[in-house]
Amino acid sequence: MSAPLILLYNLDNPRGSKLRRMCLPLKLRTRLVSKEEYALPLSVLAEGDGRAAPHPDQDFDDEMLLLCGLTGPQLDAFLQGFRRNRLPPVALKAVLTPTNRDWTSQQLWQELRREHQAMQERQ
């Protein structure tokens, strides 16, 4: 993978615009993922090979972030940027890993929702 990339889901709004502006000085590329792309593997979305998107079985409206290829310092700076810019955190976020790279956006969303709900129940 080339430059670090942050995939944005359901953030085609003013909050997403502020998040994208926050990424510019950090030299982090961002890309909005359309609902039509939700059935593609995450690795295809991250690497942008232009493959045609199959029709997704299910879509979702939750905001979600997928962080691809960020170094530790870049990840720290990105998360600190939320506080510095007074952006409310995005509850569903993940890092692209060898384990999830073949998942679809739908599968990632389902897993993150399960984890988020489990954490809320423990609190």
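1. Arg-86 is placed in the loop between helix 3 (72–84) and strand 4. Its phi is positive, about 55°, although Arg-86 is not a glycine. With a relative accessibility of 75%, Arg-86 counts as exposed.

2. Lys-27 belongs to the loop between helix 1 (14–23) and strand 2 (29–33). Its relative accessibility is 68%, so Lys-27 counts as exposed.

3. On confidence, the protein has an average pLDDT of 91, and 93% of the residues score at least 70. Confidence is highest in strand 3, with a mean of 98, and lowest in helix 4, with a mean of 92. Where pLDDT is low, predicted coordinates should not be read in detail.

4. The overall architecture is as follows. The protein contains 4 helices and 4 strands, and from the N terminus on these elements follow the order β-α-β-α-β-α-β-α. The radius of gyration is 14 Å, close to the 14 Å that the globule rule gives for 123 residues, so the protein is as compact as a globular protein of that length. Taken along the principal axes, the C-alpha atoms fill a box of roughly 40 × 40 × 30 Å.

5. Contacts and surface can be summarised together. Of the contacts between residues at least 6 apart in sequence, 72% join residues at least 24 apart. Buried residues account for 38% of the 123 residues. The protein exposes about 7200 Å², and carbon and sulfur atoms supply 51% of that area.

6. The largest nonpolar core has 20 residues, and the members that touch the most other members are Leu-7, Tyr-9, Met-64 and Leu-66. At least two residues of this core come from each of strand 1 (5–9), helix 2 (42–47), strand 3 (64–68), strand 4 (92–95) and helix 4 (105–122). Helix 2 provides the largest share, 4 residues.

7. Not counting residues up to four places away in sequence, Leu-7 touches Arg-31, Val-33, Leu-45, Ala-46, Met-64, Leu-65, Leu-66 and Cys-68. Cys-68 and Ala-46, both touched by Leu-7, are 22 residues apart in sequence, with their C-alpha atoms 6.6 Å apart in space.

8. The aromatic residues form a further theme. A search of the whole structure finds 5 aromatic pairs. One of them joins Tyr-9 and Phe-60, with 5.9 Å from centre to centre and 35° between the planes, a tilted arrangement. This pair links distant parts of the chain, as Tyr-9 is in strand 1 and Phe-60 is in the loop between helix 2 and strand 3, 51 residues apart. Both residues of the pair, Tyr-9 and Phe-60, are buried.

9. Phe-60 also pairs with Trp-109: the ring centres are 5.0 Å apart and the planes meet at 5°, so this pair is stacked. Phe-60 is in the loop between helix 2 and strand 3 and Trp-109 is in helix 4, so the pair ties together parts that are 49 residues apart in sequence. The relative accessible area is 3% for Phe-60, which is buried, and 14% for Trp-109, which is also buried. Ring pairs link Tyr-9, Tyr-38, Phe-60 and Trp-109 into a cluster.

10. Thr-104 is found in the loop between strand 4 and helix 4. Its relative accessibility is 13%, and because buried means under 20%, Thr-104 counts as buried. Apart from neighbours within four places in sequence, the contacts of Thr-104 are with Tyr-38, Ala-39, Leu-40, Pro-41 and Leu-42. Among these, Tyr-38 is also a member of the aromatic cluster described in point 9.

Note on methods:
Residues are numbered from 1 along each chain as its sequence is written. This is a predicted model: local features need pLDDT of at least 70, side-chain atom pairs count only at pLDDT 80 or more; totals for chains, interfaces and linings use all residues. Side-chain values use heavy atoms; hydrogens and water are left out. A nonpolar core is a set of buried Ala, Val, Leu, Ile, Met, Phe, Trp, Tyr and Cys residues joined through side-chain atoms within 4.5 Å. Buried means under 20% relative accessible area, exposed over 50%, partly exposed in between (1.4 Å probe, protein chains only). Contact means heavy atoms within 4.5 Å. pLDDT is the predictor's confidence in each residue, from 0 to 100. The radius of gyration is taken over C-alpha atoms; the globule rule is 2.2 Å times the number of residues to the power 0.38. Accessible areas come from the Shrake-Rupley method with a 1.4 Å probe; for residues, only the protein chains shown count as cover. Rings of Phe, Tyr and Trp (its six-membered ring) pair if their centres lie within 6.5 Å; planes under 30 degrees apart count as stacked, over 60 as edge-to-face and the rest as tilted.
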